[in-house]
Amino acid sequence: MKANTSKKVISKDIMFYLPAKILEGVVGFITIGVYTRLFTPEIYGDYGVINPTINVIFLIILGWLMHSLYRYINAYKDKNNVEELCSTAFVSYITLVGIVFIILLIFQLIGSDIIETKLLFSSFFMFVAYGLNQILMNLLVAIKKIKLNLVLSLCGVVLKLLLTILLAFNFPRSVIIILIANGTVDLLKAMIVFIKLKGYRYINLGKASKGTFDVMIKYGFPLIGLSLTLFVLNISDRYVIIYFCGRDISGIYTANYSLASAVYTMMMMGIMRAVYPNLLEAWGKKDMDRTKDILSSGVRYYLLICIPATVGLVMLSEPISRICLAGKYQGGYSIIGWASVGMLFFGLSEYCNKAWELTANTKVILTNSLISGLINLVLNIILVPVYGYKVAAITTMISFVLYFVLSFTGAKKVLIWKLKPIIYIRIVGSALAFGVLLIIAVSSLEFSVPILLLSIVVSIIIYGVLLLVTGELTEELKMIRRLFRR
């Protein structure tokens with residue numbers, strides 16, 4: 001009974017999150033295509049390094065703050081002590097951003113010939129805006145303000161694309177244009193969230209607490225190291241490619257990798273944002289059975305959606321790259337398939353890591369990611385100069401698989417999902433069935449936008465029918481029927 005209840009709760013939240021994230025993914029695909037037509041591979045290569053660098057700097061400096069607020073907001077709310085938590089977080093944010101700004105000023109005075117001033121401070125602007133946006137948007141997820149989160153997320157990606165296009169046709173085209181567009185929209189979103197939540201009511205500098213700070217830093221500090229090692233695991237390949245192959249080749253690699261990343265980001269976030277708040281709630285109530293049921297249901301939905309997506313991306317990588325990207329970028333289409341396999345395992349690792357996040361033992365995640373990240377870096381340094389930039393996607397995939405194996409092995413001693421073997425068989429079998437048809441289609445058809453879309457739609461239909469026939473979607477079908485009867 002509990003398992004069915006958990007499935008219903010997660011299904012309901014996924015029905016809110018996933019469609020919106022799919023729309024975000026579609027806009028993400030369009031954005032990558034537009035960027036490759038607006039900017040040269042060299043500029044896109046710069047963006048492919050600068051953007052994730054800003055992201056990881058945020059994670060290293062402010063990521064602990066985001067994770068701690070997410071983790072403890074409901075606990076402090078139950079104790080009627082939200083003002084103390086928010087005030088402590090506000091003081092921490094302002095202090096750390098101020099320190100970063102002072103460091104940049106000193107760096108600019110000492111080494112102004114290393115990086116141009118406009119690029120340095122546009123990057124800082126994006127860092128400040130991106131950080132504030134991430135903290136507040138994650139706060140919306142934690143307190144289950146789902147609709148506001150989804151509307152802002154979707155509007156945000158659309159506005160970033162439109163503003164980038166506007167700036168690109170009115171100013172010299174460089175990576176600075178993208179940074180300013182992204183930072184402006186992120187800052188606007190953060191301001192809207194702050195106003196809607198009436199955040200000013202919960203900020204009182206006198207309420208900032210060292211005790212609360214200690215709680216937050218104890219939970220979040222290991223995640224600083226984790227962020228750094230995940231950076232090595234996810235992004236180090238781009239730096240290696242730039243060093244050995246050049247900025248233009250890095251741009252080709254980044255554009256193709258980003259197509260797979262866009263798909264997985266929307267799916268991972270769409271499902272995890274439905275799962276994690278419910279997981280925290282069950283864990284907070286010390287209901288271990290319900291916690292396991294929610295985790296298992298989340299993994300099932302992840303596999304239901306992500307395994308067929310992986311099959312589709314592997315089989316259709318060449319037409320996807322050719323249709324979505326400008327001509328100079330299309331030679332790296334094989335990267336899409338390798339990246340999608342790697343991200344499948346990376347996403348699954350996130351469910352393993354919940355064992356350590358819920359028990360606040362995040363050092364284990366740090367160790368696992370450090371091992372995997374270092375192996376990825378070493379393999380890239382050895383293999384990229386010999387075999388070229390495409391091998392970086394393979395080494396990253398290997399590292400993601402290793403990360404999953406390490407995470408799963410450790411997590412099963414604490415908290416892990418339990419699914420019947422027949423579920424894996426139904427999902428994988430159904431996905432492979434339409435995968436065979438896609439192989440035939442790719443080898444015999446000349447792909448255009450309509451044919452690509454038709455192939456995707458037909459694959460989804462075949463996959464859905466096979467799941468219905470095998471009985472895997474029986475419960476979901478009952479839920480839908482009950483919905484229409486109301």
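1. A friendly start with the overall make-up: the protein chain has 18 helices and zero strands. Please keep in mind throughout that this is a predicted model.

2. On overall dimensions, the radius of gyration of the protein chain is 22 Å, close to the 23 Å that the globule rule gives for 486 residues, so the chain is as compact as a globular protein of that length. Taken along the principal axes, the box filled by its C-alpha atoms is roughly 60 × 55 × 45 Å.

3. Burial and surface go well together here. Of the 486 residues in the protein chain, 53% count as buried. The chain exposes about 22000 Å², and 71% of that comes from carbon and sulfur atoms.

4. A word on how the chain connects to itself. If you take the contacts between residues at least 6 apart in sequence, 84% of them join residues at least 24 apart.

5. Now to helix packing. Two packed helices are described by the angle between their axes and the distance between the axes. For helix H9 (residues 247–284) and H10, the axes come within 9 Å and cross at roughly 175 degrees. Since angles over 145 degrees count as roughly antiparallel, H9 is roughly antiparallel to H10. The residues in this contact comprise 19 nonpolar, four polar and one charged.

6. Helix H10 (residues 288–315) also meets helix H12 (residues 334–352), with axes that come within 9 Å and cross at roughly 175 degrees. That crossing makes H10 roughly antiparallel to H12. On the H10 side, the contact residues include Leu 295, Gly 298, Val 299, Tyr 302 and Leu 303, while Cys 306, Ile 307, Thr 310, Leu 313 and Val 314 of H10 also take part. From H12, the contributors include Ile 336, Gly 337, Ser 340, Val 341 and Met 343, along with Leu 344, Gly 347, Leu 348 and Tyr 351. By class, the residues of the H10 contact with H12 divide into 14 nonpolar, five polar and no charged.

7. Is Phe 221 buried or exposed? Its relative accessibility is 53%, and exposed means over 50%, so Phe 221 counts as exposed.

Technical notes: Residues are numbered from 1 along each chain as its sequence is written. This is a predicted model: local features need pLDDT of at least 70, side-chain atom pairs count only at pLDDT 80 or more; totals for chains, interfaces and linings use all residues. Side-chain values use heavy atoms; hydrogens and water are left out. Axes are lines fitted to C-alpha atoms, for helices over the stretch in contact, and angles run from 0 to 180 degrees between N-to-C directions. Helices (H or I, at least four residues) and strands (E, at least two) are DSSP runs, numbered from the N terminus. Angles under 35 degrees count as roughly parallel, over 145 as roughly antiparallel, 65 to 115 as roughly perpendicular and the rest as oblique. Contact means heavy atoms within 4.5 Å. Ala, Val, Leu, Ile, Met, Phe, Trp, Tyr, Cys and Pro count as nonpolar, Asp, Glu, Lys and Arg as charged, and the others, Gly among them, as polar. The radius of gyration is taken over C-alpha atoms; the globule rule is 2.2 Å times the number of residues to the power 0.38. Buried means under 20% relative accessible area, exposed over 50%, partly exposed in between (1.4 Å probe, protein chains only). Accessible areas come from the Shrake-Rupley method with a 1.4 Å probe; for residues, only the protein chains shown count as cover.
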